[in-house]
Amino acid sequence: MVTLHEGGAFYLGNGQWSRADSAAVTTRADGRPLSKEEGRDKTMAWQILSAHNKGTDGDRLHIRFDKLTSHDITYVGIIQTARASGLTKFPMPYVLTNCHNSLCAVGGTINEDDHMFGLSAAKKYGGIYVPPHLAVIHQYAREMLAECGGMILGSDSHTRYGALGTMAMGEGGPELVKQLLNQTYDIKRPEVIAVNLKGAPRRGVGPHDVNIALIGAVFANGFVKNKVLEFVGPGIANLSMDFRIGIDVMTTETTCLSSIWETDDKTKEWLALHGRESAYRKLEPAPGAYYDGVIDIDLSTVEPMIAMPFHPSMAYTIDEVNHNLPDILHAVEERARVSFGKDVETHLLDKIVNGRFLVDQGIIAGCAGGGFENICEAAGILDGENIGDDRFSLSVYPASQPVYYELIRNGVAEKLMDAGAVLKTAFCGPCFGAGDTPANNAFSIRHTTRNFPSREGAKPQKGQLTYVALMDARSIAATAANQGYLTPATEIDKDIPTYAYHFDRKIYEKRVFDSKGIADENEKLQLGPNIKDWPKMEPLPDNLVLKLVAEIHDPVTTTDELIPSGETSSYRSNPEGLSEFALSRRCPDYVGLAKEVREGERALTEGKCAGEALPELRPVMHTIKETFPEVSHDNLGIGSAIFAVKPGDGSAREQAASCQKVLGGWANFAVSYATKRYRSNLINWGMLPFLIPEENLPFEKLDYLFFPQIRKAVREKDASITGYVVKGGKLAPFTVSLGDLTDEEREIILDGCLINYNRRSL
């Protein structure tokens, strides 16, 4: 299904390749061999990146995006941060959607207060406001924002519109703040990996099947990490636009930086259907485009897939699971025990009924599953069927009100409801644990974006455990037709009708507030009682004492474990309130330990004795001063830190870092960072993104660590930094590094956070 080629290659067009080390490397017009450097400039990715680069260095890019988009879990914090730094007007189109905190009964008035803040901000600063239940963030962006050759930055990790010719990236809120303040998105020039598509998918195979096969092939080995995926090849022509979009949105889970596709007449027709003909232009790599690696996907060989708990990369064919049920389900139970220990009981093997796997719930939803074509094909499979009146349930969430309207108009909604499915409005809740949380020990199959532990809303620390697997809408429908018995859609022998889509723009024209870029300085922001400003944050001190208050040795730590989704959503506008949930699902004692250290830091900044607020610090400081007598309360900072092998997989949510900062955090120690997004969030909140080899880990939880002249080391770009474990009256040295940092990133860390940096700059 998926084959990886690590060596570089030149693309000759129409699925033809020349290996970089081959004697048949393509040549230039003058007959001379084409160099890799020349070939790299011929990719679609570079054509777009170079057009948006405001710097003069081709290896260090300074990107200005065309448009921004955020949802109601992130936009309040972004605008509050930008306000604190001098924002007066949105300098580019900025869309504020409301698809995450849509359940306004949760948290009292909090969520709707945030929505009204968003509406008032769109009026005051010249933005666009999409009311709740009208569209999920990425569907609105596809329908109304994406354009060929453009770039969009979003504060949601699945900001991916490459199938429509737009290079889009999902980042933490501070990166959007930079754009709002006319700063740039600064990155090294990324490598580009070609995804060469050939063949056509079989009946019953959908985009999520391709996604799971791809993620399973590249996630663990880091083949595409922080690189751009460029989709090329003859197989693209065999895919509808909805199918392409369905693949593209899940490239986030490969850990790539962004994605871009060749565009064609189907792209042109799709944009014209949405009233945006002018957004189209032909995109394709120039002959001789050089790629740093190639992924071949033969669409004709892709089978119905399932990503078993607890990660999208746990890829199996559905047939493989059905034929090896006891072994595979036992392996899932073992993964649960590794992650949750004694907090939960596992009874997954109980779901083998008469030799078959009986699941409890199906969900088709969000930016990945809620597209028109996915739902129509699911309805075709379910037409005339009955999902039954037992435990199995099926919920379907169209991705936008225009999609929902068309499903009603063409009779698809009726077919789904007649089979027993429940149709709901556009809402991202099932993707992050704010809707359709199944019962304890239940198994849910979902055409959504992620299946991390607790992503569906369960709380293992309270003894709750549920299992989520990712599947395509077609196989979910086939399973529903068999009343919950796991079934690949290729086993369904039905003629599935196809439907033409008609987009009704009036739905948005009547409800979406669009300022047309005109700011109203007289508009007052509507601030609910839960909307709080960021607390004061100090610059990086000359010398730093850290207490390690969390130590995580899991292979990967997700942002859901660093700051949970679901129940925390209503507190995303309240930094102190939200911080109470930090690491609560992984390290329940983290918040209390971090607060103890923070009290010592607060005493220090108030000119008091830190040892009185934190008595255990006294012998630590005595040991430090024996070797470093120049250290005093005037040049010292105190904070907490965490260690995780590979933190930050998943969401772009900046709060995974900001909550640590609010609690007095100054650093993360990691062997590597799972995503650029999380590392950027640490930096933008003034935290030190230390790197250290795990096998040489010289400290353990609750140890104190001392970094003399840390400010000087950051400012002078030291390649390695010496720290000391303070223990038993002795200082034991060890070495860490900060990895690659831009000059601006160093200044942000020195200033203590992006807010301080911007205030100083202004």
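Five aromatic residues, Phe 310, Phe 340, Phe 357, Phe 443 and Tyr 467, come together as one aromatic cluster. Rings of Phe, Tyr and Trp (its six-membered ring) are taken as a pair if their centres lie within 6.5 Å, and the planes count as stacked under 30 degrees apart, edge-to-face over 60 and tilted for the rest. This is a predicted model, in which local features need pLDDT of at least 70 and side-chain atom pairs count only at pLDDT 80 or more, while totals for chains, interfaces and linings use all residues. Residues are numbered from 1 along each chain as its sequence is written, and side-chain values use heavy atoms, with hydrogens and water left out.

The structure has 25 aromatic pairs. One of them joins Phe 503 and Tyr 508, with ring centres 6.1 Å apart and planes at 55 degrees, so this pair is tilted. Both Phe 503 and Tyr 508 are buried (under 20% relative accessible area, with exposed meaning over 50% and partly exposed in between, for a 1.4 Å probe and protein chains only). Tyr 673 and Tyr 678 make a tilted pair too, because their planes stand at 40 degrees, with the centres 6.3 Å apart. Tyr 673 and Tyr 678 are both buried.

Then there are charges over rings (NZ of Lys or CZ of Arg within 6 Å of the ring centre and within 35 degrees of the ring normal). Lys 661 puts its charged end over the ring of Trp 666, 3.5 Å from the centre. Lys 123 lies over the face of Phe 513, 5.8 Å from the ring centre.

Tyr 678 turns up again where two helices meet: Ala 656, Ala 657 and Gln 660 of α24 touch Tyr 678, Asn 681 and Leu 682 of α25. Contact here means heavy atoms within 4.5 Å, and helices are DSSP runs (H or I, at least four residues), as strands are (E, at least two), numbered from the N terminus. The axes of α24 (residues 655–662) and α25 (residues 676–684) come within 8 Å and cross at roughly 30 degrees. Axes are lines fitted to C-alpha atoms, for helices over the stretch in contact, with angles from 0 to 180 degrees between N-to-C directions.

As for helix α14 (residues 401–409), its buried residues include Pro 402, Val 403 and Tyr 404. Among the elements covering the buried residues of α14 are α5 (137–144), α13 (372–382) and β22 (422–423). Just after α14, Gly 411 has a positive phi of about 90 degrees.
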